Structures are given as structure tokens and as C-alpha cells.
Amino acid sequence: MPSNQNVGFFVTGTDTEVGKTLVSGALLLLLQKKYSQVIGYKPVVAGISLIDGEPQNEDLVTLALASTHEAAKDISNICPYILETPSAPHLVAKKNGIALNYDKMLDGYQVLAKQVDAVVVEGVGGFKVPFHQNKDSADFAKDIGLPVILVVGMRLGCINHALLTVEAVLGRGLTLAGWVANTIGPMNLLDENIQSLQQLIKAPLLGTIPHLNQELAKTPYTKLALETAVSYIRLPD
Ligand SMILES: Nc1ncnc2c1ncn2[C@@H]1O[C@H](COP(=O)(O)OP(=O)(O)OP(=O)(O)O)[C@@H](O)[C@H]1O
Ligand SMILES: [Mg+2]
């Protein structure tokens with residue numbers, strides 16, 4: 001198997017709660033089919049809940065589940081900042097007197113990228129979520145330079161959100177490797193919305209994930225849920 005190819009993707013979304021973690025986990029499983037050492041990363045998370053009796057973050061549990069590299073066994077390797085309150089990270093950090101050091105977020109990524117064959121970075125919220133020190137999630141995407149995959153949470157308003165995000169991604173000089181239509185809920189004219197987006201976004205649709213049943217949609221996601229998502233999407237060429 002190839003090693004240290006530095007294959008990777010930055011997964012952004014039209015908003016928070018649109019399925020970035022579901023798609024990131026699925027992409028990691030797809031990458032596992034081609035590479036042995038894969039890992040997920042997220043520069044900062046906000047929100048802790050009791051999972052198997054331990055305080056953990058759902059996104060990180062999912063990313064760790066879909067990673068093969070042993071560094072993922074220690075959650076602090078895949079995310080340098082685990083904040084307790086589920087809210088905008090820069091506000092939670094400020095309220096708790098925590099300085100979010102941007103270089104620490106970049107370093108955490110760089111250390112992993114050197115060790116693995118492939119990495120999937122899950123963005124925080126939408127594309128331009130602020131961090132600290134006048135940096136935001138878009139700066140982070142730019143600085144790591146990975147091709148971007150956009151998760152569009154299919155709901156009313158998503159066309160505008162998707163197109164604004166595409167503009168911002170391309171405006172940063174980044175490559176949009178593809179997008180995923182994620183059916184987060186019932187939507188009128190779903191197929192027509194997807195067709196419109198296909199015409200308007202100049203990057204391939206990597207797949208449409210249907211609305212998952214309650215059991216599969218539960219977070220943190222199970223391997224079965226991620227495998228289900230895998231069956232609907234593909235990696236970019
Ligand atoms: N295809 C789907 N079918 C049903 N529910 C879904 C689907 N995709 C996501 N969800 C639900 O939407 C919520 C958000 O999903 P997820 O955590 O993957 O989004 P996210 O973009 O990573 O959120 P965050 O911004 O908090 O990181 C979850 O509760 C999940 O169960
Ligand atoms: Mg997430």
C-alpha cells in the first residue's frame with residue numbers, strides 16, 4: 001500500500017449540523033480501501049456529552065472510529081481544543097478564558113499529516129466560522145491547502161448557502177473537489193434542488209445521502225451508519 005501520500009480533504013458544510021461528520025467518517029472509510037493509515041482531524045470542537053459513561057465529543061468519537069492510525073486512540077491528537085459548551089468556539093473560549101492558538105491547530109494537523117497516508121479534516125460549522133487572533137475556519141482551510149468537499153444539508157435555503165460557500169472556497173484559491181447532497185430532512189422538490197445545484201456548482205456531485213432512519217442517524221455514528229453513507233458517495237477522482 002502507498003504510504004505518506006498526503007492525500008486529504010477538508011470537509012466544509014453549508015452550515016453547522018448538516019452532516020459534515022457523517023460525510024467525513026464515510027470519506028475516511030472510503031480512503032481505508034486505498035490506504036492503510038488514515039486519520040480524521042478537527043481543529044476545535046465545542047460540546048461534550050456522556051458517551052459510554054465518559055465525557056466525550058461526538059464528532060471526535062466518530063472521526064476516531066473511522067481512523068486506522070494509532071494516533072487516533074488519543075483523542076487529543078485529532079483535536080487540540082475540546083471545549084465543553086456547544087456554541088461558537090471563539091465565544092466559548094473567551095467565556096472560559098481559553099486562548100485558541102491558531103498555530104497549535106495547524107501544528108496538530110501537520111504532525112498527523114506527516115505520519116499518515118490520508119487525512120480528512122472536518123471543518124467547524126460553516127466555512128467562515130471565527131477562531132481567534134483574527135483567524136477563521138476559511139484561513140485554516142487555506143493554510144492546510146487541502147481540496148475541499150462541501151456538504152450541502154438539503155433544506156430550504158441551501159442553494160444560496162451552497163453557492164456562497166462555493167464562492168468563498170474558490171475565492172481563497174482552494175480547489176473544490178466535489179460536493180455531497182445530504183438529505184437531513186424532508187424537502188419539497190428535493191430532486192429539482194439537487195439538479196439546480198448540479199448545474200450551478202462547477203464541481204462533481206459525489207453522491208446523495210438519503211434521510212437515514214433514527215437508529216442510523218444517532219450520533220456518535222456507528223460503523224454501520226458510516227458504511228451506509230459510504231454506499232451513496234464516492235471519492236473525488
Ligand atoms: N442523512 C441524514 N439523515 C438523517 N439525519 C441526518 C443525516 N445527516 C445528518 N443527520 C443528523 O443531523 C445532525 C447533524 O449531523 P452531523 O453531526 O453529521 O453534522 P455536522 O455538520 O458535522 O455538525 P457540526 O457542525 O456540529 O459538526 C445529526 O443529529 C444527524 O443525526
Ligand atoms: Mg460535526
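At what angle do the axes of helix 1 and helix 10 cross, and within what distance do they come? In this predicted model, where local features need pLDDT of at least 70, side-chain atom pairs count only at pLDDT 80 or more, and totals for chains, interfaces and linings use all residues, the answer opens a walk through the fold. Residues are numbered from 1 along each chain as its sequence is written, while chains are lettered from A and ligands numbered from 1 in the order in which they are written.

The axes of helix 1 and helix 10 come within 8 Å and cross at roughly 80 degrees, which makes helix 1 roughly perpendicular to helix 10. Axes here are lines fitted to C-alpha atoms, for helices over the stretch in contact, and angles run from 0 to 180 degrees between N-to-C directions; angles under 35 degrees count as roughly parallel, over 145 as roughly antiparallel, 65 to 115 as roughly perpendicular and the rest as oblique. Helices (H or I, at least four residues) and strands (E, at least two) are DSSP runs, numbered from the N terminus. In this pair, Leu22, Val23, Gly25, Ala26, Leu29 and Leu30 of helix 1 meet Leu226, Glu227, Ala229 and Val230 of helix 10, contact being counted if the C-beta atoms of two residues, placed from the backbone, lie within 7 Å. By class, the contact of helix 1 with helix 10 has 8 nonpolar, 1 polar and 1 charged residues, where Ala, Val, Leu, Ile, Met, Phe, Trp, Tyr, Cys and Pro count as nonpolar, Asp, Glu, Lys and Arg as charged, and the others, Gly among them, as polar.

Helix 1 (residues 20–32) also packs with helix 2 (residues 58–65), at an angle of about 15 degrees and with the axes 9 Å apart, and the two helices are therefore roughly parallel to each other. This contact is made by Thr21, Ser24 and Gly25 of helix 1 and by Asp59, Thr62, Leu63 and Leu65 of helix 2, a set that divides into 2 nonpolar, 4 polar and 1 charged.

Ligand 1 is surrounded by 18 residues, the closest being Thr16, Gly19, Lys20, Thr21 and Ala217, and a residue is taken as near a molecule or strand if its C-beta atom, placed from the backbone, lies within 6 Å of it. By class, this shell has 6 nonpolar, 9 polar and 3 charged residues.

Turning to the strands, the model has an open sheet of 6 strands in the order 2-7-1-8-9-10, with parallel pairing, and two strands are said to pair if DSSP finds at least two bridges between them. The edge strands, each pairing on one side only, are strand 2 (38–41) and strand 10 (205–209), and the twist averages 20 degrees from one strand to the next. Strand 1 (residues 7–13) runs parallel to strand 8 (residues 148–153) and is joined to it by 4 bridges, with threonine 12 standing opposite leucine 150 in strand 8. Helix 5 (residues 102–115) lies across strand 1, strand 2 and strand 7 (118–122), running at about 175 degrees to strand 2.

Another helix pair is formed by helix 7 (residues 158–171) and helix 8 (residues 190–200), which pack at an angle of about 20 degrees with their axes 11 Å apart, and that makes helix 7 roughly parallel to helix 8. Cys158, Ile159, Ala162 and Leu163 of helix 7 make the contact with Asn193, Ser196, Leu197 and Leu200 of helix 8, and the classes here are 6 nonpolar, 2 polar and no charged residues.

Two backbone details remain. Most residues other than glycine have a negative phi, and most peptide bonds are trans. Glutamate 17, found in the loop between strand 1 and helix 1, has a positive phi, near 60 degrees. The peptide bond from threonine 219 to proline 220 is cis, with omega near -5 degrees, and proline 220 has its place in the loop between helix 9 (214–217) and helix 10 (223–230).
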